[in-house]
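Keep the 3D view open as you read.

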Amino acid sequence: MFDRLVVSFLVDEVVGGFFISVPPGHIACVYDRGRGVLPQVWGPGLHLKIPFWQVAKMFNAQVLEYTIQEGFDLSVNEEALGDGLISATTKDGVATKVAGSILFKIDKSNAPELWENIGENFVSKVVRPVSRSKVGSVFSTLTMGQIQNERPLIEKQLKEELNVLFQDKGLLCEGVLLSEIKH
């Protein structure tokens, strides 16, 4: 019985270690113990790798929603896709709290650099701090009247500014949707 278990484990580990199955909507990057993170990105399908020598890391390549809402709890998971309301002061001195969503995804062509330079924790290292900073800085250049009357233009401006900072990190901003601005 124990012999069968050991043989089953070894067969699964060795034979299963040759393949990585990437599901739809995902990509995989490969770390090679001799060459580091390899530049190629594997899309959906079954791929061959060297067991014990190469390690594959899968990333969700779909559009992800980073929700900014009241009562969001970061204490449970720092990598949660969200944040509490973002505080910002307008050009005319009005204190605001901003709620909304930021739609982003991993830039498939730059996924190896993302994994190598930032790691798996890109939400807490890039998305959250950059989003907080950009929302605050954009709102500080606008009056409350502009914010209330020009929401589509503000969303477009935020998307463009976030993309400038996201792109060199291996991320793409797909859109910014402001749902509520409290003052």
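## A buried valine in a strand

Start with V98. Leaving aside its neighbours within four places in sequence, V98 is in contact with I68, L85, I86, V135, F139, L178 and E180. Keep in mind that this is a predicted model. You can find V98 in strand β9, which covers residues 95–106.

Is V98 buried or exposed? V98 has a relative accessibility of 2%, and the cut-off for buried is under 20%, so V98 counts as buried. As for V164, it is 66 residues from V98 in sequence, and their C-alpha atoms are 21 Å apart in space.

Look for helix α3 (residues 122–139) and helix α5 (residues 151–167): their axes come within 10 Å and cross at roughly 135°. An angle over 145 degrees would count as roughly antiparallel, and 65 to 115 as roughly perpendicular; α3 and α5 are therefore oblique to each other. Their crossing is right-handed.

Which residues of α3 and α5 meet? On the α3 side they are V126, V127, V130, S131, K134, V135, V138 and F139. On the α5 side they are I154, Q157, L158, E161, L162, L165 and F166. Sorted by class, this contact has eleven nonpolar, two polar and two charged residues.

## Another valine, in strand β2

Now move to V30, which lies in strand β2 (residues 26–32). With a relative accessibility of 1%, V30 counts as buried. Not counting residues up to four places away in sequence, V30 touches G36, V37, L38, W42, Q54, V55, A56 and W115.

How many residues apart along the chain are V30 and P112? The answer is 82, and their C-alpha atoms are separated by 7.9 Å.

## A glutamate between two helices

W115, a contact of V30, is also one of the residues that E120 meets. E120 sits in the loop between α2 (111–117) and α3, and its relative accessible area of 47% makes it partly exposed.

Apart from its neighbours within four places in sequence, E120 is in contact with K57, E79 and W115. E120 and K57 are 63 residues apart in sequence, with 9.3 Å from C-alpha to C-alpha.

## Two phenylalanines in loops

F18 is placed in the loop between α1 (2–16) and β1 (19–22). At 34% relative accessibility, F18 counts as partly exposed. Leaving out residues up to four places away in sequence, F18 touches H47, L48, K49 and P51. Compare this with the pair F18 and V130, which are 112 residues apart in sequence and 39 Å apart in space, C-alpha to C-alpha.

F52 belongs to the loop between β4 (45–48) and β5 (54–60). At 57% relative accessibility, F52 counts as exposed. Most residues other than glycine have a negative phi. The phi of F52, however, is near 70°, a positive value.

## What about the cysteines?

A disulfide is a covalent bond between the sulfur atoms of two cysteines. How many disulfides does the structure hold? The count is zero.

C29 is buried, with a relative accessible area of 0%. C173 is buried too, with a relative accessible area of 3%.

Methods. Residues are numbered from 1 along each chain as its sequence is written. This is a predicted model: local features need pLDDT of at least 70, side-chain atom pairs count only at pLDDT 80 or more; totals for chains, interfaces and linings use all residues. Side-chain values use heavy atoms; hydrogens and water are left out. Axes are lines fitted to C-alpha atoms, for helices over the stretch in contact, and angles run from 0 to 180 degrees between N-to-C directions. Helices (H or I, at least four residues) and strands (E, at least two) are DSSP runs, numbered from the N terminus. Angles under 35 degrees count as roughly parallel, over 145 as roughly antiparallel, 65 to 115 as roughly perpendicular and the rest as oblique. A crossing is left-handed if the near helix is turned anticlockwise from the far one by less than a right angle, and right-handed if clockwise. Contact means heavy atoms within 4.5 Å. Ala, Val, Leu, Ile, Met, Phe, Trp, Tyr, Cys and Pro count as nonpolar, Asp, Glu, Lys and Arg as charged, and the others, Gly among them, as polar. A disulfide is a pair of cysteine sulfur atoms within 2.5 Å. Buried means under 20% relative accessible area, exposed over 50%, partly exposed in between (1.4 Å probe, protein chains only).
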